[in-house]
Amino acid sequence: MDEGGAVLVVELASVVDDGFGGGALSPELAAPFAELRRRGWLVVAEGGADIAEGLAEFDAVIPKGAAAEVEFELRRAPRGRTVRVAEAAYLSGSPASVAAARRAGFGGVFGLARRRGAARLRAAGADAVVADPRGVDAAWRRGGSASVGRRQRSVTTVPSALAASGALAERLAGKQKAVFLDYDGTLTPIVADPEAAALSPAMRHAVAELADQVFVAIVTGRDRRDIEERVGLPQLYYAGNHGFDIAGPHGNLEHPGGVAAIPALDAAERELRAALAAIPGAVVERKRYSLSLHYRLVPDSELGAFFARAREVTRAGLRQGEGKKVIELCPDVDWDKGRAMAWLLEEMDLDSADVVPVFVGDDLTDENAFAALGGDGVAVLAGDPGDRFTYADVRVMGEAEVMELLGVLAGEMRSDEGAERVR
Ligand SMILES: [Mg+2]
């Protein structure tokens, strides 16, 4: 930074009560910007030229999109200062603008969610989500321009969640938590036969104890009914089929894109059962939101016919994926565990700036959720995947450490409730 304090670019439309066209900055929001300026920030309005009132709160006004340049001049700023994007912070209430600022390389990107919307802002790449613009000051000082969102790094460089538990507890102190847990390889050891992946009584107890304290959801690729039976705790939320199908104590939530694809899945299932009936060993497995074609037991001499017939089936609205000796057909919707988590946070009214989401998972599909946590969630990698890249903040190794982590997450909440309960 050169002279003066840090620079904050604010997408004005997203903080003005009634949007574009003659709107004014509400006094409720003008005051925090005045306070930031008193603390030494240079506050720049982006795209506010058509908003008549409230501009006095800003040091400069630049056109919408101008802040995405590598550097921009603050024409109305004191001393005509030039600002480099990498040294500036950006604040917006719009996920699209947060994503654009992330791509533009801002030193810090912050989401503004006065009540709701934190989950989407985090998923768009916000370093932190604040309920009040003044929160940018503390978040910037904490991370500064070194905090540049969630980036992948080598698994071998990720610290242990338990060794760093003091730091973890500090990060979570006074915050409401929402905990998301993968099942296979996270709550259970990896086994060759997925049917045999059972939850130990001790792990079930640890998950139940945690659910007494905080919101807990299991997020898995398994069918929802299957996972509900395996875990057997009715007080939890269950997101099956990578989150297409969610159920909890207060009822069911189904992704509209998944529901819309059910007729296509039904039709493909009928056609495939008929087309593959004559092929020995071919197994068509229907889950509510996907269709698996297993060919492990198909003799080599029949594989050509199997693939040819599988290809002929109409699959409009479906997307094909490959697994181990299995073809999977899923709804062709842009959807993954990260989107499922963000959606669940919204549905559960947990997408406010003061709820810290925590996701624990072991596999590549969990990385989507890690990335969607934003800079102020906590991504925990379970198990030992060898040396690959990850978005995880911290890691735990094996069942015993996962249980200990669940205890930290639950116990931390207990100490929040009051010192009188702590001897
Ligand atoms: Mg897993």
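This is a predicted model: local features need pLDDT of at least 70, side-chain atom pairs count only at pLDDT 80 or more; totals for chains, interfaces and linings use all residues.
1. Gly105 comes directly after helix 2, and its phi is positive, near 90°. Helix 2 itself spans residues 95–104.

2. Which residues of helix 2 are buried? They are Pro95, Ser97, Val98, Ala100 and Ala101. An α-helix has 3.6 residues a turn, so residues three or four places apart point the same way.

3. Now the overall picture. The protein has 423 residues, and 43% of them count as buried. Its secondary structure comes to 13 helices and 22 strands. Take the contacts with a separation of 6 or more: 58% of them join residues 24 or more positions apart.

4. The largest nonpolar core holds 104 residues. Leu8, Val44, Ala89, Phe110 and Val380 touch the most other members. This core takes at least three residues from domain 1 (7–146) and at least three from domain 2 (153–255 + 335–421).

5. What does Val380 touch, leaving aside residues up to four places away in sequence? Its contacts are Ala161, Val358, Phe359, Val360, Ala392, Val394, Arg395, Val396 and Leu405. Val380 also belongs to the largest nonpolar core.

6. An open sheet of 8 strands runs in the order 14-13-12-11-10-19-20-22, with mixed pairing. Strand 14 (251–254) and strand 22 (394–396) are the edges. Each has a single partner strand, so one side of each is left without a neighbour in the sheet. From one strand to the next, the twist averages 20°.

7. Within that sheet, strand 12 (residues 237–240) and strand 13 (residues 245–248) run antiparallel and are joined by 3 bridges. Gly240 stands opposite Asp245 of strand 13. Helix 7 (residues 224–231) packs on the sheet, where it touches strand 11 (215–219), strand 12 and strand 13. The direction of helix 7 makes about 140° with that of strand 12.

8. Strand 15 (residues 283–287) pairs with strand 16 (residues 290–294) in the antiparallel sense, over 5 bridges. The two strands form a hairpin with 2 residues between them. Lys287 stands opposite Ser290 of strand 16.

9. Where does strand 16 pair again? Strand 18 (residues 326–331) is a further antiparallel partner, over 4 bridges. Leu291 has Leu329 of strand 18 as its bridge partner.

10. Two packed helices are described by the angle between their axes and the distance between the axes. For helix 11 (residues 337–347) and helix 12 (residues 364–372), the angle is about 45° and the axes are 6 Å apart. Helix 11 and helix 12 are therefore oblique to each other. Helix 11 contributes Lys337, Gly338, Met341 and Ala342 to the contact. From helix 12 come Thr365, Asp366, Asn368, Ala369, Ala371 and Ala372.

Terms used. Residues are numbered from 1 along each chain as its sequence is written. A residue is buried if 20 or more other C-beta atoms lie within 10 Å of its own, exposed if 12 or fewer, and partly exposed in between; C-beta atoms are placed from the backbone. Two strands pair if DSSP finds at least two bridges between them. Two residues are in contact if their C-beta atoms, placed from the backbone, lie within 7 Å. A nonpolar core is a set of buried Ala, Val, Leu, Ile, Met, Phe, Trp, Tyr and Cys residues joined through C-beta atoms within 7 Å. Domain bounds come from an automatic or database domain assignment. Axes are lines fitted to C-alpha atoms, for helices over the stretch in contact, and angles run from 0 to 180 degrees between N-to-C directions. Angles under 35 degrees count as roughly parallel, over 145 as roughly antiparallel, 65 to 115 as roughly perpendicular and the rest as oblique.
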